[in-house]
Amino acid sequence: MSAAENAKAVLRRLTAASATERILISFAALIMAVLVGAVIILVSGRITTCQTAATTLFGTGFCYDPVEVYLVLFNGALGEPFLVNSPGILKPLNPNWNPLNFGFALTLKETTLLIFTGLSVAVSFRAGLFNIGTQGQLILGGLATALFSFFVAPLLPSGLVGGLILIPLAIVVGALVGGLYGAIPGALKAYADANEVITTIMLNFIAAQIAFVLVSEFYGNPDSQVVETTPIPDWATLLPVAFPQGGDFSILALAFGLALVVAVWFLLEQTSFGYDLRTSGEQPEAAEYGGVDAKRTTVTSMFLSGALGGMGGAIWVLMVMGKWQAGVPALGFDGITVSILAGNNPFGVVPAALLFGTLKSGSLAVQFGTGVPKQLVGVLRGLIILFVAMPEFFRMLGSTIDLEPDRETVATDGGRLGGDDE
Amino acid sequence: MSTTTIDRLRDTELSYRATLAGGALSVFLLIALLGLAFPSSIWGNFLAILTSRSTLSSALRLSVPITFAALGGIFSEKAGVVNIGLEGLLIISAFTAVITTAVVGPEMTVVGLPAIWIGFFAGILSSVLFSALFAVVCIRFKADQIIAGLAVWLIALGLAPFAATVYYGGVNTDNLGTTLGTWTIPVLSDIPFFGAFFDADPAVYMMLVAVPASWYVLNRTAFGRHVRASGENPKALDTVGVDVSRVRYAGVLLSGFLAGVGGSALSLGLGQFVGNNQTMVNGKGFIAIVAYLFGNYNPIGAFGASFLFAGLEAAQIRLQQVPGYAIPDSLIQTIPYVTVLVVLALVGRTRIPEAAGEHYDTGDDNR
């Protein structure tokens with residue numbers, strides 16, 4: 001294939017995978033994941049034992065009813081706007097529903113955290129780097145924030161003034177530590193050609209162990225049986241505004257996350273650094289010819305990605321826990337799903353995070369209401385990634401259903417299709 | 001790339017690996033010297049740990065899942081499909097093996113086969129089915145291999161604890177109360193130290209057979225030639241009339257089979273599946289990838305690297321039991337991961353198969 005033809009093929013592919021198609025693929029992937037998830041729910045309903053069948057299909061009783069599970073999930077995530085227990089297909093509205101409720105606060109809490117980890121993954125994926133290490137960067141960033149806040153808090157006036165000084169500083173510390181930890185695999189990739197998928201996964205294990213040792217041996221809370229740091233004073237944490245206390249959601253953190261979305265978009269799309277980052281992700285050779293210092297871009301992109309992950313950890317500590325505690329939830333891995341679902345687009349991260357936040361928060365209601373384990377979300381996480389990874393599947397599905405003659409373009413295009421621009 | 005550059009590359013790679021192996025050996029010799037000179041010091045303890053028969057036997061046992069996953073990874077990647085999902089294959093087979101044994105009944109025997117062996121084969125089957133899914137997604141639907149591999153890992157990481165919770169009410173399975181046990185070869189097992197090779201888990205013997213067998217298949221058979229060509233130069237393979245897709249399917253399914261043996265052996269060796277956090281597999285699938293990169297896609301080299309990582313793990317576990325150290329256990333536990341990282345940084349410039357990671361279009365793929 002000549003260079004001109006090559007360029008044409010690239011262009012054709014880019015237009016083919018337009019924004020609309022991206023969104024369609026994400027939706028289709030979501031629907032497929034939900035359908036496969038429903039089958040898994042049905043099957044696991046045969047494995048478990050129950051008194052009365054929740055649903056009966058083809059004369060066989062099942063303990064779990066997938067439709068009910070998904071209904072309870074969304075209803076729980078929104079704080080029960082519908083009375084799902086009432087009979088009939090159309091459920092009546094709950095007269096006592098209030099948007100500022102506990103369930104919705106949980107959803108927004110998860111959404112906020114996922115915006116940070118989703119952005120972290122998106123930045124690295126756009127640079128062509130598979131940063132699987134957001135989890136480790138989040139663990140260490142969060143720990144740094146917790147320790148910094150704990151040690152600096154006594155030096156500052158307590159109350160609003162202290163909070164205004166300490167909280168931003170603590171977030172910066174978390175970002176720095178997460179960024180530096182992210183720069184390690186970046187440097188290993190740039191200067192030793194070490195595959196970042198493996199190094200970041202190894203660094204996740206190492207981060208969890210290091211944080212555990214630091215807290216259990218040196219900085220632990222002496223009054224606690226659990227491996228955790230001493231709680232930060234309330235005035236130095238992000239307290240819930242308007243939403244109920246137990247929901248651990250602060251609208252300030254969400255606003256900060258949304259501002260970061262705009263900032264990351266601006267950085268990626270409107271600055272020369274962002275251009276370098278994207279070209280080294282999409283066409284590394286072209287970037288090199290164009291005079292981009294590939295090694296430096298790699299390290300900087302990974303620093304940036306790690307810093308966003310570290311900020312996620314900082315928000316987790318300041319908004320949710322008020323301290324660092326061992327057994328950090330898998331927010332970093334969920335960030336991979338969020339970013340992939342968002343097509344690695346910063347603006348796409350927001351709806352993807354909201355959707356995945358709904359799944360996570362609703363899964364608690366599901367476990368409580370129907371008995372289906374909340375680990376279901378873990379399964380959906382993987383399924384979504386799997387289906388988004390194969391746009392070709394949906395193209396083939398589409399072409400067999402509407403039988404449009406676009407098969408020709410698919411075949412003549414040749415080479416690498418679909419996910420290769422991620 | 002001209003032949004001379006390739007030769008030079010190969011030379012530097014070889015000397016690189018030789019240096020590393022030599023380095024590992026000299027560290028060992030240094031510990032031995034220090035240990036002999038100061039038997040009551042920390043070095044004496046190290047030496048005692050490294051030369052004890054129980055460390056060797058636990059290193060062999062620990063290297064089983066890593067080695068099998070690495071062998072699988074070699075077949076898949078040599079055929080041109082980068083299988084990052086090995087970790088997921090280990091998780092799913094480890095879980096399926098235990099739950100099948102539990103459902104059949106640990107003490108039952110079906111057609112002369114003890115339940116634990118039925119579980120063993122069920123574990124392998126589950127891994128093969130998962131790898132088949134991965135293969136279809138990558139080869140038929142042209143998915144990005146890295147992302148699809150991540151999906152396989154994350155699905156298994158979600159599915160195993162989910163199913164365990166459905167069945168047992170918690171992410172860990174109950175203990176079966178039985179394991180694969182050990183096969184002891186009389187007389188030979190009485191040899192000091194090396195007797196550990198003849199008094200081991202059945203899976204250890206399987207591993208010792210599978211490593212040379214994989215080497216033979218890969219380097220001395222027509223199938224092995226096709227696998228290598230499919231990863232290096234699929235077009236040439238296509239030209240001589242061999243179906244590239246079929247070779248790739250075979251490579252990926254073989255990786256599922258081998259990883260399945262490793263996963264089943266891992267959980268049935270313990271008699272339980274542990275589903276906390278990263279599950280009992282705990283990164284072994286990713287360590288396996290580094291092991292075969294370190295071994296330069298040679299099954300025997302990959303086994304050597306797996307054995308090195310497993311040996312570190314075994315030594316690390318023993319080290320925790322030695323009283324009187326100020327080093328916290330969790331820090332010692334990072335040793336294998338840090339080593340993997342260092343090794344990867346040093347041998348990062350491995351020459352991967354030319355066409356690995358790329359989709360190959362036969363041109364008549366217009367079905």
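Predicted model: local features only at pLDDT ≥ 70, side-chain atom pairs only at ≥ 80, totals over all residues.
**H14 of chain B**

I checked the length of H14(B) against that rule. H14(B) has 13 residues, so at 1.5 Å a residue it should span 18 Å. Its end C-alpha atoms are 18 Å apart, which agrees.

Then I asked myself which residues of H14(B) are buried. They are B:Pro336, B:Tyr337, B:Val340, B:Leu341, B:Val343, B:Leu344 and B:Val347.

For the complex, the predictor gives an ipTM of 0.84 and a pTM of 0.85. Chain A has a mean pLDDT of 83, with 85% of its residues at 70 or more.

In chain B the mean pLDDT is 84, and 89% of the residues reach 70 or more. Residues 1–6 of chain B are below 50, and beyond near neighbours in sequence that stretch has one contact in the model.

**The two chains side by side**

I counted elements in both. Chain A comes to 16 helices and two strands, while chain B has 14 helices and four strands. Chain A has 422 residues, 52% of them buried. Chain B has 367 residues, and 51% count as buried.

I also looked at how far along the sequence the contacts reach. In chain A, taking contacts between residues at least 6 apart, 73% join residues at least 24 apart. In chain B, residues 24 or more positions apart account for 75% of the contacts with a separation of 6 or more.

**Where the chains touch**

I found 44 residues of chain B in contact with 47 residues of chain A. On the chain B side, the elements that give two or more residues are H6 (145–168), H11, H13 (329–333) and H14 (335–347). H6(B) gives the most, with 16 residues. By type, the chain B side divides into 29 nonpolar, nine polar and six charged residues.

In soluble globular proteins, nonpolar side chains tend to be buried together. I went looking for that here. The largest nonpolar core has 243 residues, and those with the most contacts inside it are A:Ile385 and B:Ala291. H6(B) supplies the largest share of this core, 16 residues.

What does A:Ile385 touch, not counting residues up to four places away in sequence? From chain A the list has A:Ile336, A:Thr337 and A:Ile340. From chain B it has B:Ile147, B:Leu150, B:Ala151 and B:Leu154.

**H9 of chain A**

I listed the buried residues of H9(A), residues 272–282: A:Asp276, A:Leu277, A:Thr279, A:Ser280 and A:Gly281. They pack against H4 (102–126), H8 (251–270), H10 (284–289) and H11 (294–321) of chain A.

**A loop residue, A:Leu156**

Is A:Leu156 buried or partly exposed? It has 18 C-beta neighbours inside 10 Å, so it counts as partly exposed. A:Leu156 is in the loop between H5 (134–152) and H6 (160–192) of chain A. Leaving aside neighbours within four places in sequence, A:Leu156 is in contact with A:Gly162, A:Ile165 and A:Leu166. I also took one distance: the C-alpha atoms of A:Leu156 and A:Thr300, 144 residues apart along the chain, are separated by 33 Å.

Most residues other than glycine have a negative phi. I noted two exceptions in one loop.

- B:Thr279 has a positive phi of about 60° although it is not a glycine. It lies in the loop between H10 (244–270) and H11 (284–294) of chain B. With 24 other C-beta atoms within 10 Å, B:Thr279 is buried.
- B:Asn282, also not a glycine, has a positive phi near 45°. B:Asn282 is found in the loop between H10 and H11 of chain B. B:Asn282 has 20 other C-beta atoms within 10 Å, so it is buried.

Terms used:
Residues numbered from 1 in each chain as written. Chains lettered and ligands numbered in written order. Buried ≥ 20, exposed ≤ 12 C-beta atoms within 10 Å, placed from the backbone. Contact = placed C-beta atoms within 7 Å. Nonpolar A, V, L, I, M, F, W, Y, C, P; charged D, E, K, R; others polar. Expected span 1.5 Å × (residues − 1). Core = buried A, V, L, I, M, F, W, Y, C linked by C-beta atoms within 7 Å. pLDDT = per-residue confidence, 0-100.
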